[in-house]
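Here are my notes on this chain, written for a first reading. Please keep the structure open beside them.

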Amino acid sequence: MMPQQSMDRCEVSENCHHHSPGAQGSQRRLVSGLLLWVGLLTVSHVVSITLLVITRPHALSIPLEPQRVPWQMLTFEPTSIGDNDVSVVRSVIKWKTQSKANHFVSLKDGSLTINQDGCYFLYLQVTLETPEVSGQHIVRVNKTNRVLLEVRMTNTSLSTGFLGRAVDLAASDNLTVTVSPIARINTTYTATYLGIIGPKLYL
(Lines give C-alpha, C1' and ligand atoms only; values in the text may rest on other atoms or scores of the structure.)
Protein backbone atom coordinates (compact mmCIF):
# COMPACT_ATOMS: atom_id res chain seq x y z
CA MET A 1 0.00 0.00 0.00
CA MET A 2 2.73 2.49 0.81
CA PRO A 3 4.46 2.34 -2.60
CA GLN A 4 1.13 2.95 -4.36
CA GLN A 5 0.33 6.05 -2.24
CA SER A 6 3.78 7.47 -2.92
CA MET A 7 3.31 7.06 -6.62
CA ASP A 8 -0.11 8.85 -6.47
CA ARG A 9 1.45 11.82 -4.68
CA CYS A 10 4.12 12.05 -7.36
CA GLU A 11 1.49 12.09 -10.12
CA VAL A 12 -0.48 14.84 -8.38
CA SER A 13 2.70 16.84 -7.89
CA GLU A 14 3.61 16.48 -11.56
CA ASN A 15 0.14 17.56 -12.64
CA CYS A 16 0.30 20.67 -10.42
CA HIS A 17 3.69 21.64 -11.80
CA HIS A 18 2.46 21.00 -15.32
CA HIS A 19 -0.59 23.38 -15.04
CA SER A 20 1.09 26.17 -12.97
CA PRO A 21 2.64 28.11 -15.93
CA GLY A 22 -0.72 28.24 -17.73
CA ALA A 23 -2.57 29.62 -14.71
CA GLN A 24 0.08 32.26 -14.18
CA GLY A 25 -0.21 33.32 -17.81
CA SER A 26 -3.99 33.73 -17.47
CA GLN A 27 -3.54 35.90 -14.38
CA ARG A 28 -1.00 38.10 -16.18
CA ARG A 29 -3.34 38.59 -19.12
CA LEU A 30 -6.22 39.46 -16.76
CA VAL A 31 -4.15 42.03 -14.84
CA SER A 32 -2.88 43.56 -18.10
CA GLY A 33 -6.44 43.86 -19.39
CA LEU A 34 -7.63 45.57 -16.20
CA LEU A 35 -4.73 48.05 -16.27
CA LEU A 36 -5.45 48.87 -19.91
CA TRP A 37 -9.13 49.43 -19.18
CA VAL A 38 -8.35 51.76 -16.23
CA GLY A 39 -5.89 53.71 -18.37
CA LEU A 40 -8.41 54.18 -21.18
CA LEU A 41 -11.08 55.30 -18.71
CA THR A 42 -8.73 57.88 -17.16
CA VAL A 43 -7.75 59.26 -20.57
CA SER A 44 -11.41 59.57 -21.60
CA HIS A 45 -12.22 61.56 -18.43
CA VAL A 46 -9.29 63.93 -18.97
CA VAL A 47 -10.31 64.53 -22.59
CA SER A 48 -13.95 65.20 -21.59
CA ILE A 49 -12.99 67.76 -18.93
CA THR A 50 -10.56 69.50 -21.31
CA LEU A 51 -13.20 69.80 -24.02
CA LEU A 52 -15.72 71.18 -21.50
CA VAL A 53 -13.32 73.89 -20.35
CA ILE A 54 -12.34 74.86 -23.93
CA THR A 55 -15.80 74.88 -25.52
CA ARG A 56 -17.84 76.22 -22.56
CA PRO A 57 -15.68 78.52 -20.39
CA HIS A 58 -18.73 80.50 -19.31
CA ALA A 59 -20.13 77.42 -17.58
CA LEU A 60 -17.33 77.60 -15.01
CA SER A 61 -17.23 81.36 -14.62
CA ILE A 62 -18.69 83.12 -11.59
CA PRO A 63 -20.54 86.42 -12.10
CA LEU A 64 -18.73 89.27 -10.40
CA GLU A 65 -21.37 91.97 -10.76
CA PRO A 66 -21.51 94.12 -7.61
CA GLN A 67 -24.78 93.84 -5.76
CA ARG A 68 -26.61 97.10 -5.29
CA VAL A 69 -27.70 98.03 -1.80
CA PRO A 70 -31.30 99.30 -2.00
CA TRP A 71 -30.94 101.66 0.98
CA GLN A 72 -28.63 104.46 1.99
CA MET A 73 -28.19 106.52 5.12
CA LEU A 74 -27.54 110.23 5.53
CA THR A 75 -26.57 111.90 8.78
CA PHE A 76 -26.82 115.59 9.61
CA GLU A 77 -25.48 117.77 12.39
CA PRO A 78 -26.62 121.24 13.42
CA THR A 79 -24.92 124.34 12.07
CA SER A 80 -23.40 126.90 14.38
CA ILE A 81 -22.62 130.57 13.98
CA GLY A 82 -18.85 130.27 14.46
CA ASP A 83 -16.45 127.43 13.72
CA ASN A 84 -15.59 127.00 17.40
CA ASP A 85 -19.12 127.41 18.74
CA VAL A 86 -20.59 124.34 20.46
CA SER A 87 -24.04 125.81 20.97
CA VAL A 88 -26.50 128.13 19.29
CA VAL A 89 -29.82 129.69 20.27
CA ARG A 90 -32.50 128.60 17.84
CA SER A 91 -36.12 127.63 17.55
CA VAL A 92 -35.60 125.93 14.14
CA ILE A 93 -32.48 123.80 13.80
CA LYS A 94 -30.41 124.27 10.63
CA TRP A 95 -28.50 121.27 9.35
CA LYS A 96 -25.30 120.41 7.50
CA THR A 97 -23.76 117.16 6.23
CA GLN A 98 -20.36 115.94 5.07
CA SER A 99 -21.80 114.07 2.08
CA LYS A 100 -21.46 115.72 -1.34
CA ALA A 101 -23.26 113.08 -3.43
CA ASN A 102 -26.68 113.40 -5.01
CA HIS A 103 -29.08 111.68 -2.62
CA PHE A 104 -32.77 111.36 -1.86
CA VAL A 105 -32.61 114.55 0.22
CA SER A 106 -31.64 118.04 -0.89
CA LEU A 107 -29.98 120.38 1.58
CA LYS A 108 -30.27 124.11 1.00
CA ASP A 109 -29.63 126.86 3.56
CA GLY A 110 -29.87 124.32 6.35
CA SER A 111 -33.30 123.06 5.26
CA LEU A 112 -34.09 119.52 4.06
CA THR A 113 -36.28 118.62 1.08
CA ILE A 114 -37.21 115.07 0.03
CA ASN A 115 -36.42 114.26 -3.62
CA GLN A 116 -38.50 111.12 -4.19
CA ASP A 117 -41.51 109.29 -2.82
CA GLY A 118 -40.85 106.39 -0.51
CA CYS A 119 -40.71 104.92 2.97
CA TYR A 120 -38.03 106.51 5.16
CA PHE A 121 -36.69 105.89 8.64
CA LEU A 122 -35.95 109.05 10.63
CA TYR A 123 -33.90 109.11 13.81
CA LEU A 124 -33.07 112.10 15.96
CA GLN A 125 -31.48 113.34 19.14
CA VAL A 126 -31.53 116.94 20.39
CA THR A 127 -29.58 118.10 23.44
CA LEU A 128 -29.96 121.52 25.07
CA GLU A 129 -27.15 123.41 26.76
CA THR A 130 -29.31 125.42 29.16
CA PRO A 131 -32.96 126.31 28.74
CA GLU A 132 -33.62 129.97 27.95
CA VAL A 133 -36.85 129.81 29.93
CA SER A 134 -38.04 127.52 32.69
CA GLY A 135 -40.58 124.81 32.12
CA GLN A 136 -41.01 122.27 29.37
CA HIS A 137 -39.41 122.33 25.93
CA ILE A 138 -41.00 120.53 23.01
CA VAL A 139 -38.93 119.14 20.14
CA ARG A 140 -40.80 118.28 16.96
CA VAL A 141 -39.87 116.78 13.60
CA ASN A 142 -42.29 118.15 11.05
CA LYS A 143 -43.04 117.62 7.42
CA THR A 144 -45.38 119.86 5.47
CA ASN A 145 -48.49 120.36 7.66
CA ARG A 146 -47.81 117.32 9.86
CA VAL A 147 -45.87 116.40 13.01
CA LEU A 148 -43.82 113.21 12.59
CA LEU A 149 -42.03 113.03 15.97
CA GLU A 150 -42.55 114.89 19.22
CA VAL A 151 -40.95 114.77 22.67
CA ARG A 152 -41.17 116.97 25.77
CA MET A 153 -38.16 117.87 27.91
CA THR A 154 -37.99 119.41 31.38
CA ASN A 155 -35.23 121.38 33.07
CA THR A 156 -33.95 118.16 34.64
CA SER A 157 -33.74 116.35 31.29
CA LEU A 158 -31.90 118.31 28.63
CA SER A 159 -31.83 115.58 25.96
CA THR A 160 -34.54 113.90 23.97
CA GLY A 161 -32.61 110.66 23.88
CA PHE A 162 -32.72 108.57 20.71
CA LEU A 163 -35.96 108.88 18.76
CA GLY A 164 -36.88 106.99 15.61
CA ARG A 165 -39.82 106.28 13.36
CA ALA A 166 -40.60 104.94 9.87
CA VAL A 167 -42.68 107.37 7.78
CA ASP A 168 -43.96 107.73 4.23
CA LEU A 169 -42.66 110.86 2.54
CA ALA A 170 -43.39 112.39 -0.84
CA ALA A 171 -41.17 114.31 -3.20
CA SER A 172 -40.98 118.02 -2.29
CA ASP A 173 -41.81 117.39 1.40
CA ASN A 174 -39.85 119.75 3.65
CA LEU A 175 -38.46 118.42 6.94
CA THR A 176 -37.92 120.75 9.89
CA VAL A 177 -36.86 120.22 13.51
CA THR A 178 -38.19 122.84 15.91
CA VAL A 179 -37.60 123.58 19.58
CA SER A 180 -40.32 125.44 21.47
CA PRO A 181 -39.83 127.72 23.27
CA ILE A 182 -36.47 128.91 21.94
CA ALA A 183 -33.44 127.25 23.57
CA ARG A 184 -29.66 127.03 23.42
CA ILE A 185 -28.84 123.85 21.50
CA ASN A 186 -25.70 121.78 21.92
CA THR A 187 -24.34 121.56 18.37
CA THR A 188 -21.70 118.86 18.86
CA TYR A 189 -22.43 115.94 16.49
CA THR A 190 -22.65 113.39 19.32
CA ALA A 191 -25.23 115.44 21.25
CA THR A 192 -27.54 116.64 18.47
CA TYR A 193 -28.01 114.88 15.15
CA LEU A 194 -30.54 113.80 12.55
CA GLY A 195 -30.39 110.68 10.39
CA ILE A 196 -32.45 109.57 7.40
CA ILE A 197 -32.45 106.08 5.88
CA GLY A 198 -34.20 105.90 2.52
CA PRO A 199 -34.30 104.28 -0.93
CA LYS A 200 -31.12 104.66 -2.91
CA LEU A 201 -31.08 106.62 -6.16
CA TYR A 202 -29.30 104.89 -9.07
CA LEU A 203 -28.21 107.50 -11.58
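What share of the 203 residues of the chain count as buried?

1. **Burial and surface.** The share is 27% of the 203 residues. Buried means under 20% relative accessible area, exposed means over 50%, and partly exposed lies in between, with a 1.4 Å probe and protein chains only. The chain has an accessible surface of about 13900 Å². Carbon and sulfur atoms own 59% of that surface. These areas come from the Shrake-Rupley method with a 1.4 Å probe, and for residues only the protein chains shown count as cover.

2. **What you are looking at.** This is a predicted model, in which local features need pLDDT of at least 70 and side-chain atom pairs count only at pLDDT 80 or more, while totals for chains, interfaces and linings use all residues. Residues are numbered from 1 along each chain as its sequence is written, and side-chain values use heavy atoms, with hydrogens and water left out.

3. **The elements.** Read from the N terminus, the order is α-β-β-β-β-β-β-β-β-β-β-β-β. Helices (H or I, at least four residues) and strands (E, at least two) are DSSP runs, numbered from the N terminus.

4. **Contacts along the chain.** A contact means heavy atoms within 4.5 Å. Take the contacts with a separation of 6 or more: 72% of them join residues 24 or more positions apart.

5. **Thr187.** Find this residue in the loop between strand E11 (174-186) and strand E12 (193-199). Is Thr187 buried or exposed? Thr187 counts as buried because its relative accessibility is 6%. Leaving out residues up to four places away in sequence, Thr187 touches Pro78, Thr79, Ser80, Asp85, Val86, Ser87 and Val88. Asp85 is 102 residues from Thr187 in sequence, yet their C-alpha atoms are 7.9 Å apart in space. The Thr187 side chain also reaches the backbone nitrogen of Ser87, at 3.4 Å.

6. **Aromatic rings.** A pair of aromatic rings is described by the distance of the centres and the angle of the planes. Rings of Phe, Tyr and Trp (its six-membered ring) pair if their centres lie within 6.5 Å; planes under 30 degrees apart are stacked, over 60 edge-to-face, and the rest tilted. That rule gives three aromatic pairs. One of them is Tyr123 with Phe162, which is stacked: 5.7 Å centre to centre, with 20 degrees between the planes. This pair links distant parts of the chain, 39 residues apart. Tyr123 is in strand E6 (residues 118-125), and Phe162 is in the loop between strand E9 (146-153) and strand E10 (163-169). Tyr123 is buried, at 11% relative accessible area. Phe162 counts as exposed, at 53%. Tyr123, Phe162 and Tyr193 make one aromatic cluster.

7. **Backbone points to check.** Most residues other than glycine have a negative phi, and most peptide bonds are trans. Where does a cis peptide bond occur? A cis bond joins Ser180 and Pro181, with omega about -5 degrees. Pro181 is in strand E11.

8. **Positive phi.** Asp109 is not a glycine, but its phi is positive, about 55 degrees. Asp109 sits in the loop between strand E4 (105-108) and strand E5 (111-114). It is exposed, at 67% relative accessible area. Asn145, also not a glycine, has a positive phi of about 65 degrees. Look for Asn145 in the loop between strand E8 (137-143) and E9. Asn145 is exposed too, at 81%.

Terms used:
Polar contact = N/O pair within 3.5 Å; in protein donor to acceptor, adjacent residues only side chain to side chain.
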